[in-house]
Every structure is written in structure tokens, then in C-alpha cells.
Amino acid sequence: MQFRRGQLDYFVAVVEEGQFTRAAASLHMAQPALSKAIAQLEAELGMQLLERHARGVTLTPAGEQFYEKARLAVEAASEAMQTAESLTRVKEGTIDFGFIGAPPGLDSPDSLEAFAQAHPHIDIRYRELPFPGTSTGSWLADVDLAVCHVPPPDPGVWAQPLRSEPRVVLAPSRHSLAECRLLRVEDVLEQTFISLHPSVDAKWAGFWSLDDHRGGPPEQLTSDHALNPQEVIASLAVRNAITTVPASVAAILSNALSGVVAIPLSDAAPTTIMFVGRHERRNPLVVALLTFARGVGGAGGKVDDGGGAGAGIVALG
């Protein structure tokens, strides 16, 4: 049989969300239409795939087997579309550049202008990303490369060090630490930290609450579930809590936001800012940008195919 357009996507979304309401919201469609589409799929297959109950749905034994194949089909179709879009960008001479928080144009305007002059045929388009989840490859699905602190390792992702930066405490101006000119890690370990969403990679999230120095998460976290920097800033505006960020981000935010102060941490392990991207997106345009970054840094940055920190440090700006 031939599946109707969207049927497999709808089914996979319902399974992964665990209920029709959330799945319909993620698919941007009405719940009755989604329920009807799944019922039609079950009728055409001649088998029940889902058990409906008050809290949502669970897979039947037949549904479990069908889901594994449907998930692979949906992933393959998505990857094919993403590859086609990437090839189109190469033909058009564009790079989709992902970032978290402060845009690269604010952080390194001179270097990016120099790159534009050296490669006038390449147009960089910036795409803001949420905080990374456990699958770095999926997180990078819509961009050709991104810049961020070391994301979770992924065999399908390459990484090139960009630079090393100190971590800096961000706190609301009313916070008891706000008047401090310099802090040590021991001064802040017992403070309340802004909490990130459970879908954010735990190790990546914990780095910003100094878990690497404490040996575990803070005893006190806010009730927030921040998925991106804007939500962290919103929390800082209303909570008596702190977080840490790279020094470059702290400099931009503390200048732009009157209610937030940035306080250097003298002894925290630094953050390593990386270029990262999926192997199949490592096209000539991306290579040109990476080569330029190595030339500007002059330190012979080393690519770590395993997604780790790597040995060389280069600077862009």
C-alpha cells in the first residue's frame, strides 16, 4: 500500500509526544484532524497501532513493530530533505550559521567583515538555536555549522576549536553578589542557579551551573525550564538566582541589560567555544569559513571528529 502524505509523520509524532494534544501542537494542526488521520492509517493497515487512555496513548505490540520502521522512514525522508536544502545553499553560495545567545556579528564583527571581503561570493545567514539536546546531529539539522560551547559527542558531527573563554557569573542587579567585583567558585557553589529544561543535555546544562566544580547539580535550582538564552534572561529578571556564561556573552548582555550584572570568576575552568557541524554538510563554503578562522587565529586549530574539545585553539575576532 501507499501511505498518504504525512501519515507516518503524524503517527511518529503521536508516539513520541505520548498524546494527541501535544502531537497536534507540534505538527501545527487541529487535534480532531490528527485523530482522524491516525484512525484512517489503522483502518487501512487493518490493525490497531495505539491504545488510547485518559493520560495519552501507548503502543500495541503491532504498533511497536510498526513504529520502528515508521521512525526510520520519517528520519530518512527528513535527512533527504535537509541534504537537498544544503545542496541548494551551496549552489546559491550561502551558509546557514547557527548560534546560541549573542549573534556572531555582535561578538566578532571585524573578522566576519574581513571574511566577507575575502569571500564576496559567500553569504552567511544566521540562525538562532535553542540549547543543545542529547543528539547533536539532530540539533544541527537546520544549519550548516554552529558555534557553541562543547556539545554532546556525536559520531556524525565534526568539531573545530574556536577559542577558550573564562566563565562569568550573570546575576540580577538586586542579588547579594551584585556588588562583587570578582568571585571565586567557592563563593557561588551554594547559590540558587537558573534551571534549564530536562530536554537540554544534562552535562552541557550542568557546565553553566558549575557542576564540574561541585561534582553534581546545585542543591537549589529555580522552577524554570529554560530552553534558550532569552528564557534564561527572563528568569534573571524575576528570580533571585544566577547562572554562568562565556565572557564574550557576559560583556554583550551586561552592556545591553540594565538589570543584569556580570562578575568574573577567577578560578572556574574555562569554556571552549567550538565550530561544530554535521559531516555531510562540510561543503566547500563551510571549509572556506573554517580555513579563514584558522588563519585569523594562527594557532593551527585541530578538528576533533569525535565532538570533543580538541587540542588547538583558534580565534575569530
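**Close-up views of a predicted model**

**View 1. Helices α1 and α2.** The axes of α1 and helix α2 (residues 20-27) approach within 8 Å and cross at roughly 125°. This angle makes α1 oblique to α2, because angles under 35 degrees count as roughly parallel, over 145 as roughly antiparallel, 65 to 115 as roughly perpendicular and the rest as oblique. The crossing of α1 past α2 is right-handed. A crossing is right-handed if the near helix is turned clockwise from the far one by less than a right angle, and left-handed if anticlockwise. Axes are lines fitted to C-alpha atoms, for helices over the stretch in contact, with angles from 0 to 180 degrees between N-to-C directions. Helices (H or I, at least four residues) and strands (E, at least two) are DSSP runs numbered from the N terminus.

The model is predicted: local features need pLDDT of at least 70, side-chain atom pairs count only at pLDDT 80 or more, and totals for chains, interfaces and linings use all residues. Residues are numbered from 1 along each chain as its sequence is written, and side-chain values use heavy atoms, with hydrogens and water left out.

**View 2. Helix α1 and its end.** Helix α1 spans residues 7-17, and its buried residues (under 20% relative accessible area, 1.4 Å probe, protein chains only) are Q7, L8, F11, V12, A13, V14 and V15. After α1 comes G18, with a positive phi near 85°.

**View 3. Strands β6 and β10.** Strand β6 (residues 157-165) is mostly covered, with 8 of its 9 residues buried. Over 8 bridges, β6 pairs with strand β10 (residues 271-278) in the antiparallel sense; two strands pair if DSSP finds at least two bridges between them. S164 has T272 of β10 as its bridge partner.

**View 4. The open sheet β8-β7-β9.** Three strands form an open sheet in the order β8-β7-β9, with antiparallel pairing. Its edge strands, β8 (243-246) and β9 (260-264), each pair on one side only. From one strand to the next, the twist averages 40°. Strand β7 (residues 167-172) pairs with β9 over 5 bridges in the antiparallel sense. In β9, I263 stands opposite V169.

**View 5. Helix α12 on the sheet strands.** Helix α12 (residues 247-256) lies across β7, β8 and β9. Its direction is at about 105° to β8.

Notes:
Buried < 20%, exposed > 50% of the residue type's maximum accessible area, 1.4 Å probe, protein only. Contact = heavy atoms within 4.5 Å.
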